[in-house]
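Got the sequence and the model open?

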Amino acid sequence: MTSAPPGGVPGEGRYGEAAFRPDRAGEAERIDFGALAYDAITMARLRALGAGPGWCCLDIGAGTGTVARRLLGEAGVASVLAVDRDVRFLDARPAPGLRALQADATAPDFAPGLFRLVHARFVLMHLPERDRLVGRLAELLVPGGVLVLSDAVDVTGERTPDTPYTTAMRAMWRGLRDTIGTDVSTVTSYPRLLREAGLDQVAAEIHVPPLEPGSAISRFWADTWRRSGQAMLSTSLIDAAGIDDAVRYLESDACAALSAGMLTAWGRKPQGPVG
């Protein structure tokens, strides 16, 4: 993992290098705030798709491993291979049936095996290879297996009133795009990409958690702004006082805004001809 200044500088690397470095104190807690906001929705979808006993699962960009451990503990799957480019958070929280693999899923030689479930949440949006990677992940499914992709969608529009929150979010998306290549503008194309990858039973849904003072999602965004501050400032869309104002706005009863949503899209690999 390459070295980069805290917060990130435009043009300097990927997620975890130029921004959101795992060696920064508190990064695991930031990830866990996001998990608190989204894990229940993710688990409900995975279980509705059949995840359960006997399933061997692959979790790409597993972070602190909350989804992997819940698949084992709640859905009762047989095993989860949790992949990340840095597995320190996974190694710190082992669980029976959970195996951590430090690897880059975009590498040409990434071939971890075949799985009944392949899951990636808040991963592809940070990768320029996202379109190609959908097809590659689909190849890791056994017949009848399911590929589930979740990423952020910006549900605010050009006519959304300016608030400290919307100013910060626009600066964040622009800064992360310029710094590490994050792009949420194509996330709504995931159902089409799943279909083009040869999967069927394709569908999608969006969940938008409420922004309430002290909520997990509000704390996640506040911490994310602090950690991507240099990238945000580089856009000239916001200054340091503006970031502070946005954090205070999230923590106040005056907050009236829509969080970024999480779009989840899924598709199933055909069983193939019988006989």
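Q: What makes the pair Arg170 and Asp162 a salt bridge?
A: The closest N and O atoms of Arg170 and Asp162 are 2.6 Å apart. A salt bridge needs a side-chain nitrogen of Lys or Arg within 4 Å of a carboxyl oxygen of Asp or Glu, so this pair qualifies. Keep in mind that this is a predicted model.

Q: Why is Asp162 called exposed?
A: Its relative accessible area is 60%. Exposed means over 50%, so Asp162 gets the label.

Q: And why is Arg170 called partly exposed?
A: Arg170 comes out at 32%. Buried would mean under 20% and exposed over 50%, so Arg170 falls in between.

Q: How many salt bridges does the structure hold?
A: There are 16. Asp104 and Arg14 form one of them, with their closest N and O atoms 2.9 Å apart.

Q: Why can we say that Asp104 and Arg14 tie parts of the chain together?
A: Look at where they sit: Asp104 is in the loop between strand 3 and strand 4, while Arg14 is in the segment before helix 1. Those parts are 90 residues apart in sequence, so the pair ties them together. Asp104 has a relative accessible area of 24%, which makes it partly exposed, and Arg14, at 24%, is partly exposed too.

Q: What makes Arg85 and Glu17 a salt bridge?
A: Their side chains meet at 2.8 Å, N to O.

Q: Which label does Glu17 get, buried or exposed?
A: Glu17 has 10% relative accessibility, and buried means under 20%, so Glu17 counts as buried.

Q: Which residues are linked in a network of salt bridges?
A: That would be Glu27, Arg30, Asp223 and Arg227.

Q: What makes strand 3 and strand 6 edge strands?
A: The open sheet has 7 strands in the order 3-2-1-4-5-7-6, with mixed pairing. Strand 3 (98-102) and strand 6 (200-207) each have a single partner strand, so one side of each is left without a neighbour in the sheet. On average, neighbouring strands are turned by 15° against each other, direction ignored.

Q: How do you know that strand 4 and strand 5 pair?
A: Strand 4 (residues 115-121) and strand 5 (residues 141-153) share 6 bridges in the parallel sense. At least two bridges are needed, so they pair. Val118 stands opposite Leu147 in strand 5. Strand 4 also pairs with strand 1 in the parallel sense, over 4 bridges, and there the bridge partner of Asp59 is His119 in strand 4.

Q: What makes strand 4 mostly covered?
A: Of its 7 residues, 6 are buried. As for helices, helix 1 (residues 27-48) lies across strand 4, strand 5, strand 6 and strand 7 (261-268), at about 150° to strand 4. Helix 2 (residues 66-75) packs on the sheet too, touching strand 1 (56-60), strand 2 (79-84), strand 3 and strand 4.

Q: Why is Ser150 called buried?
A: Ser150, which lies in strand 5, has 2% relative accessibility. The cut-off is under 20%, so Ser150 is buried. Among the residues it touches are Ala120, Phe122 and Met262.

Q: Which residues make the nonpolar surface patch of about 310 Å²?
A: Val155, Ile206, Val208 and Leu258 make it. You'll find Leu258 in the loop between helix 9 (240-250) and strand 7.

Notes. Residues numbered from 1 in each chain as written. Predicted model: local features only at pLDDT ≥ 70, side-chain atom pairs only at ≥ 80, totals over all residues. Heavy atoms only, no water. Axes fitted to C-alpha atoms, helices over the stretch in contact; angles between N-to-C directions. Contact = heavy atoms within 4.5 Å. Patch = residues over 30% accessible without salt bridge, like charges linked within 9 Å, V, L, I, M, F, W, Y side chains within 5 Å. Areas by Shrake-Rupley, 256 points an atom, 1.4 Å probe, with all protein chains shown as cover. Buried < 20%, exposed > 50% of the residue type's maximum accessible area, 1.4 Å probe, protein only. Lists of a residue's contacts leave out its neighbours within four places in sequence.
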